[in-house]
Amino acid sequence: MSEAEPEIPGVHPSVMMQDVGPPTRNARARSVALDAEFPRELQQEPITQPEALPRERRGARRLAAGERWIARVLRTGAITSGCMFVASLALELLPRDESVHVAIDLLRKGAASMLLVTPVARLAMAGTVLGLRGEWRYAAIAAGVIGLLALAVGAGFQA
């Protein structure tokens, strides 16, 4: 190398490029062998990072389990409500009788109630999961919303 470009220990001369700027288009990469030896401790360390800490993995599993429970609550509410509504439609095929009419009415009111209660159950489940994860602010907000809903329902029964 010239005096203007001093040699850097451990860097192969082919790596030191004269031109500065973006690489040429369609240039092929090539490997460069380094003359310098690596310290002994670097050779003994693994190439990849170790797995995440057990506590972090446990938190990730708990988060995924909480999201699965929330999905189960929503799925169960929707499927139950849908089945109740389909059953009421199936009862429409029976001959008109007072007991059949009462059953149809109960099934449809139950299906509508289930559709209304499912988001509240999801909110309760989300608040519980957030509390278990330690996100107390959001758990308190979920509890406050459920409290306001209970207050509104209670006030509606009084009127």
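The model is predicted.

Helix α3 comprises 36 residues, 98-133. At 1.5 Å a residue, a helix of this number of residues should span 52 Å, and the end C-alpha atoms of α3 are 52 Å apart, which agrees with that expectation.

V73 has a relative accessible area of 19%; because the limit for a buried residue is under 20%, V73 is classed as buried. When neighbours within four places in sequence are left aside, V73 is in contact with T118, A121, R122 and M125. The C-alpha atoms of V73 and T118 are separated by 7.2 Å, although the two residues are 45 residues apart along the chain.

Side chains of opposite charge can pair when their charged atoms come close. A search of the whole structure finds four salt bridges. One of these links R96 to E92, with the closest N and O atoms 3.0 Å apart. R96 is exposed, at a relative accessible area of 61%, whereas E92 is partly exposed, at 29%. E92 also forms a salt bridge with R108, at an N to O distance of 3.1 Å. E92 lies in the loop between α2 and α3 and R108 in helix α3, so this pair ties together parts that are 16 residues apart in sequence. R108 is partly exposed, with a relative accessible area of 30%.

A further salt bridge is formed by the side chains of E135 and R133, at 2.9 Å from N to O. Both partners are partly exposed: E135 has a relative accessibility of 29%, and R133 has a relative accessible area of 34%. Elsewhere, salt bridges that share partners join E92, R96 and R108 into one network.

A search of the whole structure finds zero aromatic pairs. A ring does, however, take part in an arrangement with a charged group: the charged end of R72 sits over the ring of W69, 4.9 Å from the ring centre.

Definitions and conventions. Residues numbered from 1 in each chain as written. Predicted model: local features only at pLDDT ≥ 70, side-chain atom pairs only at ≥ 80, totals over all residues. Heavy atoms only, no water. Phe/Tyr/Trp six-rings, centres within 6.5 Å; stacked < 30°, edge-to-face > 60°. Lys NZ or Arg CZ within 6 Å of the ring centre and 35° of its normal. Helix = DSSP H or I, 4+ residues; strand = E, 2+ residues; numbered from the N terminus. Expected span 1.5 Å × (residues − 1). Buried < 20%, exposed > 50% of the residue type's maximum accessible area, 1.4 Å probe, protein only. Contact = heavy atoms within 4.5 Å.
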